[in-house]
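I opened the model to look up two things.

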Amino acid sequence: MIRRTLETLSFDNTYARLPQAFYARLNPTPFSAPPHLVHANPAAAELIKLDPEQCARPEFAALFGGSALAPGMEPLAMLYSGHQFGVYVPQLGDGRAILLGEATNGRGERWDLHLKGAGMTPFSRDGDGRAVLRSTIREYLCCAAMQGLGIATTQALCLVGSDDKVYREQIETGAMLVRMAPSHVRFGSFEIFYYRKQHEHVRALADYVIEQHFPHLREVGDKYARFFGEVVERTAKLIAQWQAVGWAHGVMNTDNMSILGLTLDYGPFGFMDDYDPGFICNHSDHNGRYAFDQQPYIGLWNLSCLAQALLPLAEKEVLKAGLDTYTPRFEREYLQRMRAKLGFAEEKPEDDDLIRDFLGLLQGSHADYTIVFRELGTFSTAEGASNDRLREHFLNPDRFDGWAVRYRERLRNECSRDDERCDRMNRVNPQYVLRNYLAQTAIEKAQHKDFSEIDRLFTLLQDPFTDQPGMEAYALPPPNWGKHLSVSCSS
Ligand code: AMP
Ligand code: MG
């Protein structure tokens, strides 16, 4: 058996075979202080056929802290543009991230390794090319959390810190995060060539993406329209998952929308504590464009930008038809997830109302979204059961009682068994989510070089549906200081 060492990591870079207009070649700029490993993700290491024990080697921190390269990497910054807060920005691109190359794992998979915080690139505009420890910890942990929740996401291989100072609202230290995904192509990767009227590049990119990631469409006659249809489907499903788990992205600009329907570019994201449909997690989003309840609509808006960029490749009517599948698809996916959260095994016409009314009760009571859904699993349909622990979450218990009568009736109609339903619900209603304050605690410790809380949360969030002994405090609502932490785009 070949020993899987760092030296046997194998790299290619198919993106570097695309026309030069697609990227700028350059190497990462190392920190001046030596890099140190903050945390590494063993499961992600396995995906690129790397023995997790190798992550502890200083060579690993050097390679993924921007101070060394491996053969075959061909690092480059990808070019893209995008609509930011509804306004088209003609050029963005990787301003602080570098696509190191694609790790091939011998199982036919290729994983882009993207080094975030790797220094200035030709696309840095006014930025310094760096990322701070604070924001990379948030991204690192949230990738693990999303993965644990079964939500499509880019993954994080490792987090490498440095003592170099980075200037934000205050002085912080820098870090680099290795992000892994089958592709980092964004909606904005298409938009840039469409608006530059370089339609041959729009085609080249679509052909590349289909070849690499939608191989079943290679030989299809209307492949571009079908490709778009699949992106619509994946996006609808992704956003339905976000809505069901109570998560807001915070900066759903088209340059942050993955062509593969992955959660991409973690910034001021947030899991909701109290249920509030108007929840704005991004402190800089003054108009609430990216508020929680706007996300489904923004998904559609962003897809319409992508459709526009694909106009050189497919008939407008066909793209429009693809776009029209978004809302019904989203609604179906969302309803399916919410039914599961309420423990319904069958579909009934009254489900929509029961779900909406339950959310209304949560909102009126400022009840914690994650906790109450988990508690709902304990609902007893027995005659005369008062369901006191659940009832306590509601400011107006009479209104809850009214709803509970309907809920009980609905469950009895499908002969739901309490124990069996509770098991099912516990597999979709997480016990643990990455609340802002939990991330904040890990950040504050890490700023003093104590990475134990990162490790604890990382392990916990990989399995968010199972009660873990000794971890009860992590399932509680936030303490007062952690309720309304402000998180902005500054990262
Ligand atoms: P984001 O809001 O993180 O998606 O970033 C939007 C754009 O700004 C992308 O082109 C980023 O590469 C760029 N950017 C963000 N932060 C920095 C930074 N510190 N230095 C250079 N470019 C940055
Ligand atoms: Mg971005």
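Entry 1, terms. I count a residue as near a molecule if one of its heavy atoms lies within 4 Å of it. The model is predicted, so I noted that local features need pLDDT of at least 70, side-chain atom pairs count only at pLDDT 80 or more, and totals for chains, interfaces and linings use all residues. Side-chain values use heavy atoms, with hydrogens and water left out.

Entry 2, ligand 1. I looked up the shell and found 17 residues around ligand 1, of which G93, G95, R125, G129 and N256 come nearest. By class, I read 8 charged, 7 polar and 2 nonpolar residues (Asp, Glu, Lys and Arg are charged; Ala, Val, Leu, Ile, Met, Phe, Trp, Tyr, Cys and Pro nonpolar; the others, Gly among them, polar). Domain 1 (14-184) and domain 2 (188-336) both supply shell residues, so ligand 1 lies between them; the bounds come from an automatic or database domain assignment.

A polar backbone atom of G95 is 2.7 Å from an oxygen atom of ligand 1. For nitrogen atoms of ligand 1, I found a side-chain N or O atom of R96 at 3.3 Å and a polar side-chain atom of R168 at 3.4 Å. The protein covers 82% of the 480 Å² of accessible area that ligand 1 has on its own (Shrake-Rupley method, 1.4 Å probe).

I looked up the largest nonpolar core and got 125 residues; Y15, F64, L157, F190, F227, I259 and L434 have the most contacts inside it. Such a core is a set of buried (under 20% relative accessible area) Ala, Val, Leu, Ile, Met, Phe, Trp, Tyr and Cys residues joined through side-chain atoms within 4.5 Å.

Technical notes:
Residues are numbered from 1 along each chain as its sequence is written. Chains are lettered from A and ligands numbered from 1 in the order in which they are written. A polar contact is a pair of N or O atoms within 3.5 Å; within protein, one must be able to donate a hydrogen and the other to accept it, and residues adjacent in sequence count only if both atoms are side-chain atoms. Buried means under 20% relative accessible area, exposed over 50%, partly exposed in between (1.4 Å probe, protein chains only).
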